[in-house]
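Have the structure open as you read.

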Amino acid sequence: MTQCFLAVDLGATSGRTILGTFTPEGLKTEDINRFPNHIIETGGHFYWDLFALYRHIIDGLKLAAQRKDIEITSIGIDTWGVDFVCIGKDGGILRQPYSYRDPHTEGAPEKYFERVPRNKVYACTGIQVMNFNSLFQLDTLRRNNDSALEVADKILFIPDALSYMLTGEKVTEYTIASTAQLVNAQTRHLEPELLKSLGLTEDNFGHFVYPGETVGTLTKEVQEMTGLGAVPVVAVAGHDTASAVAAVPASNKNFAYLSSGTWSLMGVETEAPVINAETEALNFTNEGGVDNTIRLLKNICGMWLLERCRLNWGETSYPELIEEAQQSEPFRNLINPDDPVFANPADMEETIKKYCVAHNQPAIETRGQVVRCIFESLAMRYRQVLENLQKLSPFPIETLHVIGGGSRNDLLNQWTANAIGLPVVAGPSEATAVGNIMIQALAAGKATSVASMRQLIGQAIPLKTFQPTHAEAWEVAYLHYKTMTL
């Protein structure tokens with residue numbers, strides 16, 4: 001019977017359960033089920049449907065239990081960051097969790113900093129200031145006298161809440177907690193002073209665990225529902241980016257990574273947090289990683305720009321859009337992908353067009369010009385962030401590893417290589433699930449180190465390398481980009 005690891009990998013728009021098996025040829029993965037993750041809008045708020053996600057996970061466990069050729073060694077859950085669930089004294093879920101896209105935290109950081117200085121918060125946590133960080137969500141709920149928070153006994157981040165529903169055990173996993181802006185970057189534990197500012201203590205959270213620790217085993221209820229036995233649930237890197245970075249198939253430490261999807265996250269892996277005036281001014285973040293590492297990174301708007309434009313374009317395929325982009329004039333239109341106007345506009349295509357006109361660029365006339373504008377602008381923004389990262393990194397950056405869904409975009413990968421002047425290595429596209437499985441394998445003693453697992457991933461998964469070309473043209477265009485997007 002084949003020993004398998006089951007990864008639950010949840011993104012902001014979809015989720016899946018995946019089986020991972022180690023064979024002499026390397027790592028083999030197989031999807032069990034895929035499902036949507038819908039935001040519920042009601043009463044002026046945006047919520048995640050936690051119970052629907054739980055039901056889909058149970059369906060995946062049932063399907064896995066029906067397989068007579070495998071045995072599930074463990075289960076691990078990763079999700080997006082910052083969001084959380086309030087649990088009552090009786091153990092019940094008090095309401096569906098708010099989504100980080102809920103507008104109630106607009107202006108929240110400024111209100112919090114009236115009480116606690118911004119530089120003090122950054123010096124402690126090393127986390128970039130974003131209005132939806134858990135710190136500001138919790139402060140907003142307090143100010144609004146939120147009924148769920150008022151009576152909450154425990155606060156569990158999303159992967160920990162789902163682990164709780166499966167095992168009955170309440171934990172706080174380090175990597176997901178680090179996204180909250182509540183963890184002290186030096187002690188790598190919840191910071192009591194920040195909790196006190198919110199009227200909370202460490203007792204309001206589950207006991208702290210780190211990637212590779214066991215949360216608990218499936219409850220009798222879940223065992224009966226699914227047909228599985230007392231399978232352990234392992235705390236992987238609960239934050240999906242932390243799991244993805246664990247799967248970077250790097251041969252040495254001198255690399256930067258770009259986790260490319262709806263969001264792009266660019267960073268390096270360091271042994272200690274990098275917190276200084278420069279990282280604070282540039283709004284870089286120090287999030288928890290696996291194997292006692294820190295992910296020094298910057299959030300960049302990613303394929304969100306194109307995804308929102310595609311809402312107006314019907315069932316147009318990606319190959320068709322890429323072909324139209326290639327046929328369009330180079331460097332005709334450029335935008336700053338991280339300009340606030342692109343955060344969540346009603347019409348992304350129209351917003352891009354207006355931005356270009358407002359910045360004295362030619363009016364966009366075709367869909368191909370929109371796509372080319374997005375891809376070239378992302379490549380330019382990647383260079384801009386990488387230049388800052390090169391100044392902050394404690395080691396030289398020789399290669400950029402692109403992981404996640406965006407690693408399949410050959411055109412953007414080539415333009416990124418051209419823009420940054422360094423080789424771009426693309427893959428694995430399923431980095432988050434691979435990292436999730438990898439940490440479970442380490443916990444089970446099936447592997448000895450993250451480095452050895454990365455080597456195995458590099459051998460087992462096809463990677464594609466893009467070398468920079470047309471250096472002079474991209475250099476001129478980059479200078480133009482910086483001028484046009486001021």
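Is Phe132 buried or exposed? Phe132 is buried, as its relative accessible area is 13%; buried here means under 20% relative accessible area, exposed means over 50% and partly exposed is in between (1.4 Å probe, protein chains only).

## Ground rules

This is a predicted model, where local features need pLDDT of at least 70 and side-chain atom pairs count only at pLDDT 80 or more, while totals for chains, interfaces and linings use all residues. Residues are numbered from 1 along each chain as its sequence is written, and side-chain values use heavy atoms, with hydrogens and water left out.

## Ring pairs

The whole structure holds 17 aromatic pairs. Rings of Phe, Tyr and Trp (its six-membered ring) pair if their centres lie within 6.5 Å; planes under 30 degrees apart are stacked, over 60 edge-to-face, and the rest tilted. One of the pairs is Phe132 with Trp263, edge-to-face at 6.4 Å centre to centre and 75 degrees between the planes. The two sit 131 residues apart, with Phe132 in the loop between helix 3 and helix 4 and Trp263 in strand 16. Helices (H or I, at least four residues) and strands (E, at least two) are DSSP runs, numbered from the N terminus. Trp263 is partly exposed at 27% relative accessibility.

Two arginines go for ring faces. Arg95 has its charged end over the ring of Tyr98, 4.2 Å from the centre, and Arg101 lies over the face of Trp304, at 4.2 Å from the ring centre. To count, NZ of Lys or CZ of Arg must be within 6 Å of the ring centre and within 35 degrees of the ring normal.

## Strands 7 and 8

Strand 7 (residues 84–87) runs antiparallel to strand 8 (residues 154–157), with 4 bridges joining them; strands pair if DSSP finds at least two bridges between them. Phe84 has Phe157 as its bridge partner, and Val85 stands opposite Leu156.

In a regular strand, side chains alternate between the two faces of the sheet. On strand 7, Phe84 and Cys86 take one side and Val85 and Ile87 the other, all of them buried. On strand 8, Lys154 and Leu156 point one way, Ile155 and Phe157 the other, and again all are buried.

## Helix 3

Which residues of helix 3 (residues 118–125) are buried? They are Val121, Tyr122, Cys124 and Thr125. These residues lie on the same side of helix 3, because they cover an arc of only 165 degrees around the axis, taken from the directions from the helix axis to the C-beta atoms. They pack against several elements, including helix 2 (108–113), helix 4 (134–143) and strand 17 (285–288).

Seven strands form an open sheet in the order 17-18-16-15-19-20-21, with mixed pairing. Strand 17 and strand 21 (464–466) are the edges, each pairing on one side only. Within this sheet, strand 16 (residues 263–270) and strand 18 (residues 294–301) pair antiparallel over 8 bridges, with Leu265 partnered by Asn299.

Asn409 sits in the loop between strand 19 (399–403) and helix 16 (410–420). At 9% relative accessibility, Asn409 is buried. Beyond its neighbours within four places in sequence, Asn409 contacts (heavy atoms within 4.5 Å) Met303, Ile322 and Phe375.
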